[in-house]
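Me: Could you walk me through this model before I set anything up with it? I'd like to go piece by piece.

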Amino acid sequence: MSVAVEVGRILESRVGLQQLQKVVAVGLEVGDQAGVEFESLEFCLEAVFGSPPFRNAGAEIERVPGNALRVAYLEVDDDRQDD
Amino acid sequence: MTVRTIDLRESVMARNDELAAEVRTRLSRHSVPAFNLVSSPGSGKTVLLERTLENLGDKFSIGVVTGDVQTQNDADRLAQYTDKLVHAVVTGGACHLDARQITTALNEIDLSKTDLLLIENVGNLICPASWDLGETAKVVLFSTTEGEDKPVKYPKVFRESKYAVLNKVDLLPHVNFDVDKAVSYARQTNPDLRLFFTSALTGLWMDEWYSFLTTAVTEAQGK
C-alpha cells in the first residue's frame, strides 16, 4: 500500500493537487525482483486512484526484469470537467 | 477529449532514497554505525536486542528504533535495558519501516551522545528488503525453528544484507534443521554474507555478535 501511496505522491508533485482529477492513466514498470506482488499493487493502486482527489485513473503495470519500480508515464485529460 | 502523455521514468523509491541518503549523512557526521535488523516474526530480533543492550549497554550508548505494525510492546521491552534511547514507530498497518520514519525518530535521539544505532524493522522478510533506511548495513535474522531454505525462498533480503544471524541454535538438538544446508543456501544467495550463530534467549554463543558490534563502533569512531 505504501508503494501505491508513494505513486500518488509522485503524481501530485508532478501535476499538482488540483490536476490529479484529470489523470486518466498511469503507467508503471515493476521488476520481477522488486519485492512487489503485482496483483496486490494493482489492488492498492485501484484504491488510491479511486479515491479523491483522483477520479478513477487506470493503472497500467508493465512487468520488467530486475529491481525496477518506476512510474513510467501518466496520461492527463485536460478537457475533463471539474466536479 | 485531449489526452496528453507525460513521460516520467521516476523511481517510486526516489524520495525514500533521498531521505535515506540524508540519514546516512547525519549518522556519518556523528560516526554512528547503524544496523537494520530484518526477519520474519518470531526469529528473535527483540531478544537479540535485549541481550545486546544488556551486554553492551554499559560500554556504549545505544539508540534503538523499533517498528511494529501495532503496539509498542517491543520498545517497552527494550526500554527496560536503556533509559532514554528507544523510539517506537507504530506503522499502523504498513509492513516495513521507511527512511521518513527514521528521519523523524532521529529527531528524538541525540546522535552526539550515541555510539550505535540499532533498528528493529517490522517482522517481514519481503518488504523491508526494498526500503533503504540509511543504515550502515542490513542484518537478516532467521532461526532454527524455521525452514533452512529461508535464504532461497526470500533471496532479496539475503542479497541486500551484509550480515545474517542464525538464532536459536540452542534448539538444534530438538528441531529438524540442517545447519549445513542453511549455510549453503545463504552462501548460494549471497557469497559475501557474514554469518553469526546465536542463542539470544539463553545468551550463549553471542560473543562473536558483540565483538562485531564493538568493532563497528570503534572503527566508526576511528579508535
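This is a predicted model: local features need pLDDT of at least 70, side-chain atom pairs count only at pLDDT 80 or more; totals for chains, interfaces and linings use all residues.

Me: Okay, start with chain A: how many helices and strands does it have?

Reply: Chain A contains 2 helices and 3 strands, and along the sequence these come in the pattern α-β-α-β-β. Its radius of gyration is 13 Å, close to the 12 Å that the globule rule gives for 83 residues, so chain A is as compact as a globular protein of that length.

Me: And what box do its C-alpha atoms fill?

Reply: Taken along the principal axes, the box filled by the C-alpha atoms of chain A is roughly 40 × 20 × 20 Å.

Me: How do the helices H1 and H2 of chain A cross, then?

Reply: Helix H1 (residues 2-15) and helix H2 (residues 38-49) of chain A have axes that come within 8 Å and cross at roughly 45°. That angle makes H1(A) oblique to H2(A), and the crossing in which H1(A) passes H2(A) is right-handed.

Me: Which residues meet there?

Reply: On the H1(A) side they are A:Val3, A:Ala4, A:Val5, A:Val7 and A:Gly8, which meet A:Leu41, A:Cys44, A:Leu45 and A:Val48 in H2(A). Sorted by class, the contact of H1(A) with H2(A) has 8 nonpolar residues, 1 polar residue and no charged ones.

Me: What do those helices lie across?

Reply: H1(A) lies across strand E1 (23-31) and E3 of chain A together with E1 of chain B, and it runs at about 130° to E1(A). H2(A), for its part, lies across E1 and E2 of chain A, running at about 155° to E2(A).

Me: You mentioned a strand of chain B there. What is the strand order of that sheet?

Reply: The order is E2(A)-E1(A)-E3(A)-E1(B), an open sheet of 4 strands with mixed pairing. E2 of chain A and E1 of chain B stand at the edges, each with a single partner strand, so one side of each is left without a neighbour in the sheet. On average, and with direction ignored, neighbouring strands of this sheet are turned by 15° against each other.

Me: Do E3(A) and E1(B) pair in the parallel or the antiparallel sense?

Reply: They pair in the antiparallel sense, over 7 bridges, with E1(B) covering residues 3-11 of chain B.

Me: How many residues are in contact between the chains?

Reply: There are 22 residues of chain A in contact with 21 residues of chain B. On the chain A side, the elements that give two or more residues are H1 and strand E3 (69-77), and E3(A) gives the most, with 9 residues. The residues of that side of chain A divide into 12 nonpolar, 3 polar and 7 charged.

Me: Switching to chain B: what is the order of the sheet of 7 strands?

Reply: That open sheet has the order E4-E3-E5-E2-E6-E7-E8 in chain B, with parallel pairing. Strand E4 (86-90) and strand E8 (194-197) are at its edges, each with a single partner strand, so one side of each is left without a neighbour in the sheet. Its neighbouring strands are turned by 20° against each other on average, direction ignored.

Me: Can you give me one pair from it, and a helix that lies across it?

Reply: Strand E6 (residues 137-143) and strand E7 (residues 163-167) of chain B pair in the parallel sense over 5 bridges, and B:Ser143 stands opposite B:Asn167 in E7(B). As for a helix, H4 (residues 99-106) of chain B lies across strand E3 (62-68), E4 and strand E5 (116-120) of chain B, and its direction is at about 145° to E4(B).

Me: Last topic, backbone geometry: which peptide bond is cis?

Reply: The bond from A:Pro52 to A:Pro53 is cis, with omega near 5°, and A:Pro53 lies in the loop between H2 and strand E2 (58-64) of chain A. In chain B, B:Lys168 has a phi near 65°, a positive value in a residue other than glycine, and B:Lys168 is found in the loop between E7 and helix H7 (179-189). For context, most residues other than glycine have a negative phi, and most peptide bonds are trans.

Definitions and conventions. Residues are numbered from 1 along each chain as its sequence is written. Chains are lettered from A and ligands numbered from 1 in the order in which they are written. Two strands pair if DSSP finds at least two bridges between them. Axes are lines fitted to C-alpha atoms, for helices over the stretch in contact, and angles run from 0 to 180 degrees between N-to-C directions. Two residues are in contact if their C-beta atoms, placed from the backbone, lie within 7 Å. Angles under 35 degrees count as roughly parallel, over 145 as roughly antiparallel, 65 to 115 as roughly perpendicular and the rest as oblique. A crossing is left-handed if the near helix is turned anticlockwise from the far one by less than a right angle, and right-handed if clockwise. Ala, Val, Leu, Ile, Met, Phe, Trp, Tyr, Cys and Pro count as nonpolar, Asp, Glu, Lys and Arg as charged, and the others, Gly among them, as polar. The radius of gyration is taken over C-alpha atoms; the globule rule is 2.2 Å times the number of residues to the power 0.38.
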